[in-house]
Amino acid sequence: MPASATEAAVRAAFARQAGWAKTLGSPFMERLCALLGERLSRDTEVGRRVLGWPDRADPFSDALPLRLAGGLHALVRAGRAPQLAALYPPKALPNEDPLWAALEPVLGDPALLPWLESAPQTNEVGRSAPLMAGLLVVAERFEQPVELLELGASAGLNLHLDRYRYDLGGRPAGDPASPLRLAPDWEGPPPPDAEVRVASRRGVDINPLDPRRDGNRLLAYVWPDQIRRLAQLEAALAVAAGHPAPVDRGDAAGWLESRLAERQHPGTTRVVLHSIAFQYFPAESKARIVAALAEAGKAAGARSPLAWLRYEFDAEDRAVELRLTTWPGGERLLARGHPHGAALSWIAAPAR
Ligand SMILES: C[S@@+](CC[C@H](N)C(=O)[O-])C[C@H]1O[C@@H](n2cnc3c(N)ncnc32)[C@H](O)[C@@H]1O
């Protein structure tokens, strides 16, 4: 039997999560996590499982607080906890005692237990904004339709990026009739005025989600007071329901090697893209991806160019960067931005 993390380590993980929620501007999650860390007891099966968390890793890096918070949010959204729902956002931030009084009975609901079993998985559709801005650069450069290949695509919501509408620093893009509008806070000049035409789209994920089957799960992991993110995700799920995008199951490296070995239609630009995914790939996969792109780049030409567009943390984990490499062409740092794509500072340095 695995050893148990100490109860103190579990409580510290909730306190640490509360601190992160504060930093990231979620007062409700801050209060919820702090309260659970202080008052959770072993009176319920949920409390016993959480406080006796198996010592596989530390409870914070196991995302234990987010597992429990996701389960609670799911129950609230499903109408299983009306008294708790009456205190959840968009209602005003509740005081600790009434929130705990509403929480305590819900912690006895066995429907929470499966939420402790798997780590949270997200698909942040706000990242379509930086990716679309990057595609405008690709479209300006090559002026032909793109073939999208997304690594770590989750439910594939960002593969539909041309089906959303955008205001990118005053530059309109995407589908003007879309129910989802993305308008990140913008600094600097707008991206180029170009037309993005998507010829095909396909992705891979080690654990692909189905937007129709897993939509409620994705919504549950959005923090309850992040109202704009919730609305964006709901709109994107509605778009995806009408246009399922194929997301294959597998490791990104082997899948990409197979895709790059396939014939590219002349007159299309092949674009390999990913957002906040590369850091999760094994080191060996990352190295294979970089090598496969460099190799494929040697065969790319003006009629069948290759592009690698990524919105990922920099090497020091300090900032999220939008980078583009094209063959022919070179590498450019296009922008820095918010991890969810809510703000972008456009740089678009010349190709080097
Ligand atoms: C933080 S999520 C980001 C999802 C999506 N790119 C987005 O921006 O919303 C990271 C994704 O990478 C996937 N992933 C992790 N390791 C992987 C691997 N070796 N190959 C493919 N996908 C992987 C995870 O399952 C998860 O869906």
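**Strands, helices and a ligand site**

Student: Which residue in S11 is the bridge partner of Thr-325?
Tutor: This is a predicted model, in which local features need pLDDT of at least 70 and side-chain atom pairs count only at pLDDT 80 or more, while totals for chains, interfaces and linings use all residues. Residues are numbered from 1 along each chain as its sequence is written, and side-chain values use heavy atoms, with hydrogens and water left out. Helices (H or I, at least four residues) and strands (E, at least two) are DSSP runs numbered from the N terminus. In S11, the bridge partner of Thr-325 is Glu-331.

Student: How many bridges join S10 to S11?
Tutor: Two strands are said to pair if DSSP finds at least two bridges between them. Strand S11 covers residues 331–337 and runs antiparallel to S10. The number of bridges joining S10 to S11 is six.

Student: Which residue takes a positive phi in the hairpin of S10 and S11?
Tutor: The hairpin has three residues between the strands, and Pro-328 lies in this loop between S10 and S11. The peptide bond from Trp-327 to Pro-328 is cis, with omega near 0°. The positive phi, near 140°, belongs to Gly-329.

Student: Which residue in S10 does Glu-312 stand opposite?
Tutor: Strand S9 (residues 306–313) pairs with S10 in the antiparallel sense over eight bridges, and the hairpin that they form has six residues between the strands. Within that hairpin, Asp-317 takes a positive phi near 65°. The residue in S10 that stands opposite Glu-312 is Glu-321.

Student: How many of the eight residues of S10 are buried?
Tutor: Buried means under 20% relative accessible area, exposed means over 50%, and partly exposed lies in between (1.4 Å probe, protein chains only). By that scale strand S10 (residues 320–327) is mostly covered. The number of its residues that are buried is seven.

Student: What distance separates the end C-alpha atoms of helix H4?
Tutor: The expected span of a helix is 1.5 Å times one less than its number of residues. The 14 residues of H4 (residues 64–77) should therefore span 20 Å. The distance between its end C-alpha atoms agrees with this, at 20 Å.

Student: How many residues of H4 are buried?
Tutor: The buried residues of H4 include Leu-64, Arg-67 and His-73. Helix H4 is largely enclosed by the rest of the structure, because the number of its 14 residues that are buried is 12.

Student: What is the relative accessibility of Ala-63?
Tutor: Ala-63 is found in the loop between helix H3 (45–51) and H4, and its phi is near 55°, a positive value in a residue other than glycine. Ala-63 counts as buried, because its relative accessibility is 14%.

Student: How far is an N or O atom in the side chain of Asp-251 from a nitrogen atom of the ligand?
Tutor: Asp-251 is one of the residues that come nearest to the ligand, out of 19 around it, where a residue is near if one of its heavy atoms lies within 4 Å. The distance from that side-chain atom of Asp-251 to the ligand nitrogen is 2.7 Å.

Student: Which residue's side chain makes a polar contact with the side chain of Gln-121?
Tutor: Gln-121 has its place in the loop between helix H7 (113–117) and helix H8 (128–142), and an N or O atom in its side chain is 3.0 Å from an oxygen atom of the ligand. A polar contact is a pair of N or O atoms within 3.5 Å; within protein, one must be able to donate a hydrogen and the other to accept it, and residues adjacent in sequence count only if both atoms are side-chain atoms. At 2.8 Å, the side chain of Gln-121 makes such a contact with the side chain of Asn-207.
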